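Hi everyone, thanks for making time for this.

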Number of protein chains: 2
Amino acid sequence: MLSGLRVLELGHFVAAPFCTRLLGDLGADIIKVEPPTGDPVRQWGEQIGGRSLWWSMHGRNKRSIALDLKAPQGVDIVLALAAQADVVVENFRPGQLARLGLSSERLRERNPGLIVTHISGFGQSGPYRSRAAFGLIGEAIGGLRHLTNHPPGTTTLPPVRVGVSIGDSIAGLYAAFGIMAALWQRDRGEGDGMGRTVDVALTESVLSMMEGMLPEYGALGKVKQPTGGGIATAAPTNAYPTRDGDWVLIGANSDPLFVKLAGLMGREDLLDAVEYRGNRERVANAAALDAMISEWTRQHDADALVAMLDEADIPNSKAYTSADCANDEQYLSRGMVREVKDEHFGMTILQAGVVPHIPESPGQIRWVGPGLGEHTDEILRDLIGLDEQSINSLRKQGVVA
Amino acid sequence: MLSGLRVLELGHFVAAPFCTRLLGDLGADIIKVEPPTGDPVRQWGEQIGGRSLWWSMHGRNKRSIALDLKAPQGVDIVLALAAQADVVVENFRPGQLARLGLSSERLRERNPGLIVTHISGFGQSGPYRSRAAFGLIGEAIGGLRHLTNHPPGTTTLPPVRVGVSIGDSIAGLYAAFGIMAALWQRDRGEGDGMGRTVDVALTESVLSMMEGMLPEYGALGKVKQPTGGGIATAAPTNAYPTRDGDWVLIGANSDPLFVKLAGLMGREDLLDAVEYRGNRERVANAAALDAMISEWTRQHDADALVAMLDEADIPNSKAYTSADCANDEQYLSRGMVREVKDEHFGMTILQAGVVPHIPESPGQIRWVGPGLGEHTDEILRDLIGLDEQSINSLRKQGVVA
């Protein structure tokens, strides 16, 4: 789908590399520039032999060139690569690349059609632009962290993290969208051939998904509060505990679904109770209702509970663990969970497939996360035109690795 | 940026309308086809005068045509609109549009370049394709809900929802990315002019963001477990309570940052303790460490605490509420929080700005969420070529509203 597109990644950690993973999954040529010490994410999470398992997926479909950006020759190599690229994606702190001699102006000097994409905590402008950006701060300032909590007064435990750096990934996905929009504008028949700047902030990416939160605050002064596993406007819908220690989500928040659920629980008496007769009443008494449902679900193992709910046509699902995802029939049937040979580990690695699915031009996992500098020579030779002697000399000087 | 692009939305609720909001924010012409009863989201959340505040933002930059898809003339109108569109975005249950006479084949009959975009719970193929899709199920099966919880054994409370339909919004964003990739492939110089199918599943969109979860399970059998407000691999990093009842996130999980934090707390003694001397030790004793930090943070109001942490250059942030977002200097300076005149309410409505920020061709809020069928006549006249009499006749028959 995106073959013929060349993307230069000056990225590290999660956001920029996630963006280029999405582009690479659809066929773009991704050139990842790493410092001679490598992207730190190569060591993140569980490892085998000092090599992160996550990296196998995070780095897939990319070519790695290891370069010292503090050396003038390193900067020149990046400029020469930018001259041949459609897109640059970077997530340094704003201003840092310019200080290295890699400002947008210089990157575009020989290539006015270059799409320059910045991903940062707060964006490239404004009073907070230089502040350190961590995923947790993007999520906090985007308004997400306040909401991932139980209702005020329920517990003294802190709001939870969603378990992954969701702010970084959402920002990376927004960047991929912006890049494709800029490329369409540049390359279509009526296009002007000019590059654009895509400026994505983690904070803003999260805030953009906060639905009615801002309009409701502005008009009514309503400060949206966390609602635990439930929803403020419909009940019952929550995660309920099972006998074998799992959680099953049940959404029975319409009148017909609630009738079915009460029947399954053997609690038809609830249908006559004023506290539960309509959605408004059920929302007002959601805590008591959830407690009763939990009492019932705790008598069943997850699989049996799911089977009963399916049989009654009540929307439900186990809260999937990685094991559940790995063995899910639907994921396997759509190639969304797949085994990929990783020669660095000498074994197959389980990876998530490609999103979105485009049946006429499906994305591919062409190769797994490369070794550091695995493509240094190939890139210097084929794209910069250096011979072996020059490459060796640069390597001796520590400019490339 | 996307002016000249026409998108037909056959959508409702969150996922498909969020996708088209993103395209409309960048300038595309969005034609939203609604049933004569309207998209239910028009009544979701807080309302003024029976009108949802969220809708002002969710429906912005779109034209609304109210049509009965069960009437053959309604179907003909959609086919005529599809003939003039670049993209269709729909989120009915798989197969439902085909049953209405609006299969991909029929939609493309007069327009082989049409990009047909489906957003569904499980995707358009596979054994679960026909199952009901709710956001909560996408999040559960994507593996997110299992992780948004406190560590096993900490509490009997259920895992939390992130407060918004994050699975729907992420799927909508993936669809927007896929659409632009398909358009670039279709319209660039070397393009083939052909349409593509973009098939996005909520479950898969969420799973694609789960980082190392699948590779680690596959290689090591490790089932990723929730870690509450913290991270499994670094400490201290969490949300900590303040005297005035807020939460402040602190990320002091490197040795130099931990030294600064211990100094600020007046607890230099911690630096000599074997339990906290390195990250590995701090992770092993994170619960005790978090308890000590919480004891300290509880003595300070959020603003004072943030000021102290800023002064010491320790990454931190209040967990922003909607009020904090609405008043944040950075958001205001970048136009990410803005007031938009909404004539339906007769007042200005606070909305989130446009992401991504593209300085050369900035997105715009051209108008707010329209009334139901506000553009029915305009669309039938300008795009289908109907005269007033024919429109009135269709209206009398209940085909349009």
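This is a predicted model: local features need pLDDT of at least 70, side-chain atom pairs count only at pLDDT 80 or more; totals for chains, interfaces and linings use all residues.

Okay, so how do the two chains relate? In general, two copies of a chain are related by a rotation about an axis and a shift along it.

Now, where do they touch? On the chain B side, 126 residues are in contact with 126 residues of chain A. The element of chain B that gives the most to that side is helix α8, residues 166–187, with 16 residues. If you sort the chain B side by class, you get 71 nonpolar, 38 polar and 17 charged residues. And 100% of the interface residues of chain B are also interface residues in chain A, so the copies meet through the same surface.

Let's zoom in there. Which residues touch the most other members of the largest nonpolar core? They are A:F177, A:M180, B:F177 and B:M180, in a core of 234 residues. Take B:M180 as an example: leaving out neighbours within four places in sequence, B:M180 is in contact with A:F177, A:M180, A:A181 and A:W184.

Next, chain A on its own. Chain A has 18 helices and 13 strands, and its C-alpha trace spans about 85 × 50 × 45 Å along the principal axes. Of its 401 residues, 55% count as buried. If you take the contacts in chain A with a separation of 6 or more, 68% come from residues 24 or more positions apart.

Find the open sheet of 6 strands in chain A; its order is β5-β2-β1-β6-β7-β8, with parallel pairing. At the edges stand β5 and β8 (197–201) of chain A, and each has a single partner strand, so one side of each is left without a neighbour in the sheet. From one strand to the next, the twist averages 20°. Helix α1 of chain A, residues 15–25, packs on this sheet and touches β1, β2, β5, β6 and β7 (115–120) of chain A; its direction makes about 165° with that of β1(A).

Two pairings are worth a look. Strand β1 of chain A (residues 6–10) runs parallel to β6 of chain A (residues 87–90), joined by 4 bridges, and A:L10 has A:E90 as its bridge partner in β6(A).

Let's hop to chain B for another sheet. It's open, with 3 strands in the order β9-β10-β11 and antiparallel pairing. Neighbouring strands are turned by 20° against each other on average, direction ignored. Between β10 of chain B (residues 247–251) and β11(B) there are 3 bridges, and B:I250 stands opposite B:N316. Helix α14 of chain B (residues 286–297) lies across β9 and β10 of chain B, at about 40° to β9(B).

Most residues other than glycine have a negative phi, and most peptide bonds are trans. A cis peptide bond joins A:A235 and A:P236, with omega about -5°, and A:P236 is in the loop between α10 (213–220) and β9 (237–241) of chain A. Another cis bond joins A:V355 and A:P356, with omega about 0°.

As for phi, A:N61 has a positive value near 60°; A:N61 lies in the loop between α2 (53–58) and β5 of chain A. With 24 C-beta neighbours inside 10 Å, A:N61 counts as buried.

Terms used: Residues are numbered from 1 along each chain as its sequence is written. Chains are lettered from A and ligands numbered from 1 in the order in which they are written. A nonpolar core is a set of buried Ala, Val, Leu, Ile, Met, Phe, Trp, Tyr and Cys residues joined through C-beta atoms within 7 Å. A residue is buried if 20 or more other C-beta atoms lie within 10 Å of its own, exposed if 12 or fewer, and partly exposed in between; C-beta atoms are placed from the backbone. Two residues are in contact if their C-beta atoms, placed from the backbone, lie within 7 Å. Helices (H or I, at least four residues) and strands (E, at least two) are DSSP runs, numbered from the N terminus. Ala, Val, Leu, Ile, Met, Phe, Trp, Tyr, Cys and Pro count as nonpolar, Asp, Glu, Lys and Arg as charged, and the others, Gly among them, as polar. Two strands pair if DSSP finds at least two bridges between them. Axes are lines fitted to C-alpha atoms, for helices over the stretch in contact, and angles run from 0 to 180 degrees between N-to-C directions.
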